[in-house]
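Colleague: I have a chain to look at before our meeting. Could you show it to me and take me through its main features?

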Amino acid sequence: MALKWQEDKEYLELIEDLIEHEDVKSLENFVHHKVTNRLAHSISVSYSSFCWARRLNLNTRAIARAGLLHDLFFYESETKNEVGGRGHNYEHPRIACENAMKITELSELEQDIILKHMAGTTLDVPKYPESLIVTLMDKQCAIQECAGGFKKFIAKHVNRTKELALQLVAIQPNYESYLTYQGVDEREM
Ligand SMILES: [Fe+2]
Ligand SMILES: [Fe+2]
């Protein structure tokens, strides 16, 4: 996401205590969706949800704060199959909600936003429009992040292919002289 959220005073005022908290900052150390880190993802979800809430006259404070805390869990995504209970999709919103309650007070709305953000992959049903927006923005951000990662992967391989093609062109004169030395007429090939 562009740095726009950092220039949005209204948004920053709502999350300033959380964004400076060590637990939230530490999310930067966890790879998320294989191509980003968990803090960048959480900010994307929080800010895009906040923009919708502002447009629709919903609770901007709850959506910005709970959006930022929706993935406040501290294990690597790679180990998600070891989380136990009813599995990562069901358990991590509950873990995030517990962790969030250790660093700030959460209203019922904020708890619902965090607990139900995996709706669609779990049987949870969002109780509030704010919860529905966060679950939709979570999925949209995940798709954008994965698409961005795929684009980088393709660009990397296109560049590698170009480099190989250039290397082949560079060795071409040597290859031709090798064929001449071997007495091979290229037309025979
Ligand atoms: Fe999540
Ligand atoms: Fe998420």
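**Annotation, domains and loops**

Modeller: The UniProt record, in an unreviewed entry, places the feature "domain: HD" at residues 38-139. UniProt positions follow the numbering used here, feature names are shortened, and annotations may be inferred rather than shown by experiment.

Colleague: What kind of model is this, and how are residues numbered?

Modeller: This is a predicted model, in which local features need pLDDT of at least 70, side-chain atom pairs count only at pLDDT 80 or more, and totals for chains, interfaces and linings use all residues. Residues are numbered from 1 along each chain as its sequence is written, while chains are lettered from A and ligands numbered from 1 in the order in which they are written.

Colleague: How much of residues 38-139 is helix, and how much strand?

Modeller: The span is 62% helix and 0% strand, and its end C-alpha atoms lie 14 Å apart. Helices (H or I, at least four residues) and strands (E, at least two) are DSSP runs, numbered from the N terminus.

Colleague: Which domains is the chain divided into?

Modeller: Domain 1 covers 3-148 and domain 2 covers 152-188; the bounds come from an automatic or database domain assignment. Their C-alpha centres are 50 Å apart.

Colleague: Where is Lys34, and is it buried or exposed?

Modeller: Lys34 sits in the loop between β1 (31-32) and β2 (36-37). Lys34 is exposed because 10 other C-beta atoms lie within 10 Å; exposed means 12 or fewer, with C-beta atoms placed from the backbone. Its phi is positive, near 65°.

Colleague: And what is the phi of Asn57?

Modeller: Phi of Asn57 is near 60°, also a positive value. Asn57 is in the loop between α3 (38-55) and α4 (60-69).

Technical notes
Buried ≥ 20, exposed ≤ 12 C-beta atoms within 10 Å, placed from the backbone.
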